[in-house]
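The sequence and the structure are shown first.

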Amino acid sequence: MPRSVGNLAYNAAQAARVSWFFGQKLLAARLSRPVPLPDRLKGRPMPDRQKILADLWALLQQDWRNIERGLYLPPEDGPSNPLAAFAQAVDFFADLRAVEARRHGGRDGRKLSEAPPGRFPSYYLQPFHFQTGGYLSEGSAERYDHQVEVLFGGGAAAMRRQALVPLRAALQGRRAARLLDIGCGTGRFLREVKRNHPRLEVVGLDLSPYYLAVARRELSAWSRVRIVEAAAERLPFAEAQFDAVTAVYLFHELPPSVRRAVAAEIGRVLKPGGSLVLVDSLQKGDEPLYDAMLDYFPLAFHEPYYASYVATDLDRLFEPGLRPAESLPAYFSKIVRYHRDHY
């Protein structure tokens, strides 16, 4: 069957996007000194570049099929300002030397010395991904989305978009619905939600005032948006307030005890019949060829709670209040929807 003009345009745009970010990923790897593989990982199979690119393209083709079926709008993730995109790349590489120093700096590289004391929980005061400022600086907030796209070779936005499919199902038939996005960060996912559900009332919650400042800017064009600075383990909402809750790349950055507390809070604030849509990393066993890479990732990118997350039984984590409804693969990620029964 001949491809449509829309499909050709989409493929061209995504090919350019992948070339831009995957090229930066390869250059960053050449400029960096890799963390040595520990003995326990030596000899274990890992996906090569060809496999990774093939899986990335499979994600993008799934993305197009969703768009073609009318499940969500085509993305607006092309460079609206090429000079700004170039400036972001320059900033990314300018910061790479500091990232490298932390990566190979032993224990000192895993501390966030510039963090304000007393205001944030201790687990949060770390330079996640070895990034300058952790989640607690203006520079980090402005740089974060570009860093993540480089990490995933231009696939991060498409991975997030897959969550729009189960979210659409979760909102079906619900009038005047309310959505809570926990760990909303810079608001990139909520921006896609509002593009597709402009009348939906949304609340974005995060601990970082710097990331929330970017989120307010990203979401300024839409009404029915509220931004809240609070901890996910102590949600400032009464019971059964939301028809849907989303959590995008949050749970792998929480220690196990906090992870359990956040799961309980989600169950508390969801309405009966409501849904949780979780987007996060693949876990051990989801794609066996990637298992060794999942073991290596927290060593190379300072994700202190990642190893415990990839071994977590998510269904058990959300018991007894939520039951699994569906699970969808998405490149390095997966999307899982949980349903709260009526009672």
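In this predicted model, Gln283 is buried, because its relative accessible area of 5% falls under the 20% limit for that class. The residue belongs to the loop that runs between β5 (270–281) and α10 (291–301), and a polar atom of its side chain lies 2.8 Å from the backbone oxygen of Thr312. Leaving aside residues up to four places away in sequence, Gln283 touches Asp291, Leu294, Tyr309, Val310, Thr312, Leu314 and Lys334.

Lys284 is also placed in the loop between β5 and α10, but Lys284 is partly exposed, with a relative accessible area of 36%. Its side chain makes a polar contact of 3.1 Å with the side chain of Asp295, and, with the same exclusion of residues up to four places away, Lys284 touches Asp291, Leu294, Asp295 and Val310.

| Residue | Relative accessible area | Class |
|---|---|---|
| Gln283 | 5% | buried |
| Lys284 | 36% | partly exposed |

In soluble globular proteins, nonpolar side chains tend to be buried together.

Not counting residues up to four places away in sequence, Ile266 touches Ile182, Leu235, Val245, Phe251, Leu276, Phe318 and Leu322.

Methods: Residues numbered from 1 in each chain as written. Predicted model: local features only at pLDDT ≥ 70, side-chain atom pairs only at ≥ 80, totals over all residues. Heavy atoms only, no water. Helix = DSSP H or I, 4+ residues; strand = E, 2+ residues; numbered from the N terminus. Buried < 20%, exposed > 50% of the residue type's maximum accessible area, 1.4 Å probe, protein only. Polar contact = N/O pair within 3.5 Å; in protein donor to acceptor, adjacent residues only side chain to side chain. Contact = heavy atoms within 4.5 Å.
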